[in-house]
Amino acid sequence: MSVYQAMVRLPAARAVSAEAQPVLGEYRQRLRVAERPVTRGVSRESVLFDMIYDSDQAAEVPEAVDHSPGYEQLVKLLLLQPNWDGQGAAAPNKAAIDVARAVVSASKDVGFNRPLVSADVEGGVATYFFGGTQLEDGGWSHQGGVLVDNDGDALLYLRDRRSPGSTAEDVGPDALSSAVQRVFRFIADAF
Amino acid sequence: MRERDEPIPPDETLYRWVSVDQVNGTEVLPHAVDLACSSVNREKYWDDPFGSPPLTPEQNGLATTCEDSFPRGLALNEVPYEFFTVDDPTEDNDAHSEIRSGRKPSDEKPSGDRPQGRKPKSKAAKLQLRSSLAETMTVVKQPTAPA
């Protein structure tokens, strides 16, 4: 699956369904752009994220959206300012968030519905998944994910906490989906 | 502000603030450490780590490490790397110091990359170094989600 295809699936406003949740006021404000016309050659979702940056105000407000923890965490990251950690960290930029959005979408395709999406202290977005055995410290034995920096470059990360070391590999822009599938297999095989 | 006090003893505990989305159990995740310079607080100059107000509402947990626990024999693409500490007191934080990384000292360059540090060019290698450093850290005060 290409990056573009993954992005196309991302958060469009939809009709109310059994799983949909009411839109909170703050969230509603951010979603006001969802119904705007799409510029030729640009996906609706890219427009949405552009508009969040620009604090656009036009258009209708949907009554409800699909609830997705991963997307909600991404939206929060859009609002981070430099030095968000009190130690000089760079805020994630749009390049990082766009790619992380594709990672979250790909993760939904393989059944990872609750990723940990977090700002990287070096700038960028880290998306993690956990599984395997629950250890005495309350954490999970297997952790993996895709880390995207502010250049939009992605890295695969896999680690079994029961032994030292980790795997880190570059992920090409057309390989995000397969990278997420590798993380899924890494964690699924641990059960 | 106090004078710089180096070298930092290799067994001195160094504290780093962490948030709830930067840990898995007692282990710190690699995106929570900065390869260029991870800020830490020295035990020697920090009176009450567990009673201190959090750095930010989110950064309210603490992880510890020390130079003795830094990984040895790190080599990435056949280049030996190391982690080292730099004492760096600031006006508002006497305990502030930094963990940095760079190429190990060699015959050609006896100082290695100390004290400035240096990151490898390969992004995958950088992530491996970050993970190596994060693995040395142990969460001693679990962070909580801010109210």
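This report walks through the helices, the sheet and the chain contact of a predicted model.

**Chain A at a glance**

Let's start with the overall make-up. Chain A has six helices and seven strands, and read from the N terminus the elements go α-β-α-α-β-α-α-β-β-β-β-β-α. Of its 191 residues, 40% count as buried.

**Helix 5 and its two partners**

| Helix pair (chain A) | Axes | Angle | Residue classes in the contact |
|---|---|---|---|
| Helix 4 (residues 69-78) and helix 5 | 10 Å apart | about 170° | seven nonpolar, two polar, one charged |
| Helix 5 (residues 94-110) and helix 6 (residues 176-188) | within 9 Å | roughly 50° | seven nonpolar, three polar, no charged |

Take helix 4 of chain A and helix 5 of chain A. Their axes make an angle of about 170°, so the two helices are roughly antiparallel to each other. On the helix 4 side, the contact involves A:Gly70, A:Tyr71, A:Leu74, A:Leu77 and A:Leu78, which meet A:Ile97, A:Ala100, A:Arg101, A:Val104 and A:Ser107 in helix 5 of chain A. By class, that comes to seven nonpolar, two polar and one charged.

The pairing of helix 5 of chain A with helix 6 of chain A has its axes crossing at roughly 50°, so these two helices are oblique to each other. Their crossing is right-handed. Here A:Ala102, A:Val103, A:Ala106, A:Ser107 and A:Val110 from helix 5 of chain A meet A:Leu176, A:Ser177, A:Val180, A:Gln181 and A:Phe184 from helix 6 of chain A. This contact has seven nonpolar residues, three polar ones and no charged ones.

**A look at A:Arg101**

Is A:Arg101 buried or exposed? This residue sits in helix 5 of chain A, and because A:Arg101 has 28 C-beta neighbours inside 10 Å, it counts as buried. A:Arg101 is also part of the contact with helix 4 of chain A. From A:Arg101 to A:Ala190 is 89 residues in sequence and 26 Å in space, C-alpha to C-alpha.

**The five-stranded sheet**

Now for the strands. Chain A has an open sheet of five strands in the order 3-4-5-6-7, with antiparallel pairing. At its edges are strand 3 (116-119) and strand 7 (167-171) of chain A, each pairing on one side only. Ignoring direction, neighbouring strands of this sheet are turned by 20° against each other on average.

Strand 6 (residues 154-160) of chain A is joined to strand 7 of chain A by five bridges, and the two run antiparallel. A:Tyr157 stands opposite A:Ala168 in strand 7 of chain A.

What does helix 6 of chain A lie across? That helix lies across strand 4 (125-134), strand 5 (140-148), strand 6 and strand 7 of chain A, and runs at about 175° to strand 5 of chain A.

**Where chain B comes in**

Chain A also touches chain B: 23 residues of chain B are in contact with 29 residues of chain A. On the chain B side, the largest share, six residues, comes from helix 1 (residues 123-136) of chain B. That side of chain B divides into eight nonpolar, ten polar and five charged residues.

Terms used: Residues are numbered from 1 along each chain as its sequence is written. Chains are lettered from A and ligands numbered from 1 in the order in which they are written. This is a predicted model: local features need pLDDT of at least 70, side-chain atom pairs count only at pLDDT 80 or more; totals for chains, interfaces and linings use all residues. Axes are lines fitted to C-alpha atoms, for helices over the stretch in contact, and angles run from 0 to 180 degrees between N-to-C directions. Helices (H or I, at least four residues) and strands (E, at least two) are DSSP runs, numbered from the N terminus. Angles under 35 degrees count as roughly parallel, over 145 as roughly antiparallel, 65 to 115 as roughly perpendicular and the rest as oblique. A crossing is left-handed if the near helix is turned anticlockwise from the far one by less than a right angle, and right-handed if clockwise. Two residues are in contact if their C-beta atoms, placed from the backbone, lie within 7 Å. Ala, Val, Leu, Ile, Met, Phe, Trp, Tyr, Cys and Pro count as nonpolar, Asp, Glu, Lys and Arg as charged, and the others, Gly among them, as polar. A residue is buried if 20 or more other C-beta atoms lie within 10 Å of its own, exposed if 12 or fewer, and partly exposed in between; C-beta atoms are placed from the backbone. Two strands pair if DSSP finds at least two bridges between them.
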